[in-house]
Amino acid sequence: MRIALVGCGAVTQAVYVPLLSRRRDLFEVVAVCDLSRALADAVGDRLGAARRHTSVAELLAEGGFEAVVVLASGSHGETVRQALAGGYAVLCEKPLALTRAEVAELPEGRLMVGYMKQYDPAVRRAEEMLAELGGPGVIRSVEVTVLHPSGESQLAFANLTQARDVDAGLLASLRAAEGELVSRALGESAPEPVRNLYGVALGSICHDLSLMRRFTGSPQEISYVETWGDAPGSVEISGPLPVRGRFSVRWHYLEDYPAYRETVAIHHDKGTLELVFPAPYLMNAPTVLTVVSGSESRTEYRDVTEAFEVQLAAFHAYVNEGKPPLTDAAGALEDIVTAQRIAARYAVQHDLPIGGESA
């Protein structure tokens, strides 16, 4: 399947380039696009893509491919809208957008939103086990802990090409446009702590929201939110699960922590399903599923199958065989709504202004 890549930054270079290089049985990258021509050339050279663009509009107009993989930073809403309007299938990295309005403006089309942890073999096994136990109705609690070092330390091994050729005025205008989208979500007067929290929720905690969406359904109520430490700092979120039990998320940005660690524990009436995720950029590092059951027996499952690779294969199957993705526009919208509920609860607790969609 012929594809084009939009965005040639860290995740593209560290994850997608090696995966697409070894899955040439499924994909041929014919074009790449980035604001930085240096990044476009670096990724194009590694993947053998002759066409390099710095404009999404030009990329889509020239065509010659069946699908677009959107990997750029920030809101992806407008790029996805243009690609779908052009008739292309789209795989879009999370988050799909920063506002509900952007999702509402998307035309009909084939859209898959990339939450690779949903495709992790350990997660799929945990889903199957939970279903055998009786589903969301047996859950007592879901407890999430994320220890998040700096992106630089996580990617130090990757020898990334850096972008130093993008006009500063263009970058400033793009940041301003993204700020306007955040204002649309939170209101013009939303203060910096609320905006920072929303950024963490949609940029990182959304992975855990997507897992809860698979295991239990999206939370319909947020009871408590607190933050502390210098931004992005630490975040605590809790509330009731939609069927039974409660959830808690504790997310900590720790600049110099030795390694990324994410734990999702599902405590149910007869035991625990615990998932421990490795750093997302370490290819084929196993997620460990520990099953605690009767007589305190503990069984561990490990699988070195790369979740990002399974996700890419699922996108190929979606486009060519019509197999539905685990997250489409509707699922991505649920996560945006949950992130807005988190921001709104924090604002109300601290007597801070909140407006826009979150109000």
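Contact between two residues is taken to mean heavy atoms within 4.5 Å. In the predicted model, the chain is divided into domain 1 (2-116) and domain 2 (117-305 + 328-350). By the contact criterion, 31 residues of domain 1 meet 39 residues of domain 2. The centres of domain 1 and domain 2, taken over C-alpha atoms, are separated by 23 Å. About 2,900 Å² is buried between domain 1 and domain 2, with carbon and sulfur atoms giving 69% of this area. Of the area that domain 1 buries against domain 2, 27% is supplied by Leu98, Tyr115 and Met116, more than by any other three residues.

On the side of domain 1 that touches domain 2, at least two residues each come from α1 (10-22), α2 (37-47), α5 (100-104) and β6 (111-114). Helix α1 gives the most to this side, with seven residues. The class composition of this side of domain 1 is 20 nonpolar, five polar and six charged residues. The count of salt bridges between domain 1 and domain 2 is one. A salt bridge joins the side chains of Glu105 and Arg184, at 3.8 Å from N to O.

Arg213 is located in helix α9 (residues 192-215). The relative accessible area of Arg213 is 12%, and Arg213 is therefore classed as buried, the cut-off being under 20%. Leaving aside residues up to four places away in sequence, Arg213 touches Tyr115, Gln118, Ser218, Leu326, Thr327, Gly331, Glu334 and Asp335.

Conventions
Residues are numbered from 1 along each chain as its sequence is written. This is a predicted model: local features need pLDDT of at least 70, side-chain atom pairs count only at pLDDT 80 or more; totals for chains, interfaces and linings use all residues. Side-chain values use heavy atoms; hydrogens and water are left out. Helices (H or I, at least four residues) and strands (E, at least two) are DSSP runs, numbered from the N terminus. Buried means under 20% relative accessible area, exposed over 50%, partly exposed in between (1.4 Å probe, protein chains only). Domain bounds come from an automatic or database domain assignment. Buried area is the accessible area (1.4 Å probe) that two parts lose on being put together, summed over both. A salt bridge is a side-chain nitrogen of Lys or Arg within 4 Å of a carboxyl oxygen of Asp or Glu. Ala, Val, Leu, Ile, Met, Phe, Trp, Tyr, Cys and Pro count as nonpolar, Asp, Glu, Lys and Arg as charged, and the others, Gly among them, as polar.
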